[in-house]
Amino acid sequence: MALFNRTRSTDGRKREIVRLGHPVLRVVADEVPKERFGTRALRDLGRDLVRTMFEDNGMGLAAPQIAVPLRVFAYYVPGDDDEDEIPPRVVVNPRLTLQGDADALGWEGCLSVPGLRGLVARHARLVLEGFDVEGGPVRAEAEGLHARVIQHETDHLDGIVFVDRMQGMGSLMFEEEWEKYSTQKDLPVES
Ligand code: NI
């Protein structure tokens, strides 16, 4: 399913996405040390995450998903009637300030759990703080889909996948069946 126009390209390299079962998805990733900001390796990691995210039609991708156990993720939120587009962004060492209760239900999928969708309750609002690959500050107030993507990606840095956050397995579906039978057709977060 095309979530958005996938013709955007970056100069990064397409990397292999690891799937559930690979141990890297279950460890707490390491903070990026300050001395690695602005290095070629960190810039390349950021570009590769964005490129791979777009090639695989995702809204987000965390470094552990390409087998790099560092606290880095990329994300992108396509605009629609309710949401402003958030251009592709790479966040290093994110910190979240979650607001309110985790009671906003929405569909999620994961490039590391291909083919499945499930309903996950998330905080509707948060503040994201962190760094870009050069070490410059990143700060964003996020809500709705934007807040959901950020929570999903930050979970990957802590070894958590969306199925762990489901309150029950009753809503777990394959994508095709979701297309056919789901009565709630909110844009799923596939990241
Ligand atoms: Ni994911």
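## R71, a buried arginine

At 9% relative accessibility, R71 counts as buried, a class that requires under 20% relative accessible area, whereas exposed means over 50% and partly exposed lies in between (1.4 Å probe, protein chains only). The model is predicted, so local features need pLDDT of at least 70 and side-chain atom pairs count only at pLDDT 80 or more, while totals for chains, interfaces and linings use all residues. Residues are numbered from 1 along each chain as its sequence is written, and side-chain values use heavy atoms, with hydrogens and water left out.

R71 sits in the loop between β1 (60-62) and β2. Apart from its neighbours within four places in sequence, R71 has contacts (heavy atoms within 4.5 Å) with V28, A29, D30, E31, V32, V91, V92, N93, P94, L157 and D158. Between R71 and L116, which are 45 residues apart in sequence, the C-alpha to C-alpha distance is 25 Å.

## Overall fold

The protein chain contains four helices and nine strands, taken as DSSP runs numbered from the N terminus (H or I, at least four residues, for helices; E, at least two, for strands). Along the sequence these elements follow the pattern α-β-β-β-β-β-β-β-α-α-β-α-β. The radius of gyration is 16 Å, close to the 16 Å that the globule rule gives for 191 residues, so the chain is as compact as a globular protein of that length; the radius is taken over C-alpha atoms, and the rule is 2.2 Å times the number of residues to the power 0.38.

Along its principal axes the C-alpha trace spans about 50 × 35 × 35 Å, and buried residues make up 51% of the 191 residues. Of the contacts with a separation of 6 or more, 69% are between residues 24 or more positions apart.

## Nonpolar cores

A nonpolar core is a set of buried Ala, Val, Leu, Ile, Met, Phe, Trp, Tyr and Cys residues joined through side-chain atoms within 4.5 Å. The largest has 21 residues, and L42, L45, L49 and V72 have the most contacts inside it. At least two residues of this core come from each of α1 (40-55), β2 (72-77) and β3 (86-99), with α1 giving the most, six residues.

Leaving aside neighbours within four places in sequence, V72 touches V32, L42, L45, L49, A62, A63, P64, V90, V91, V92 and L157. A second, separate core of 16 residues includes I86, V91, V149 and L157.
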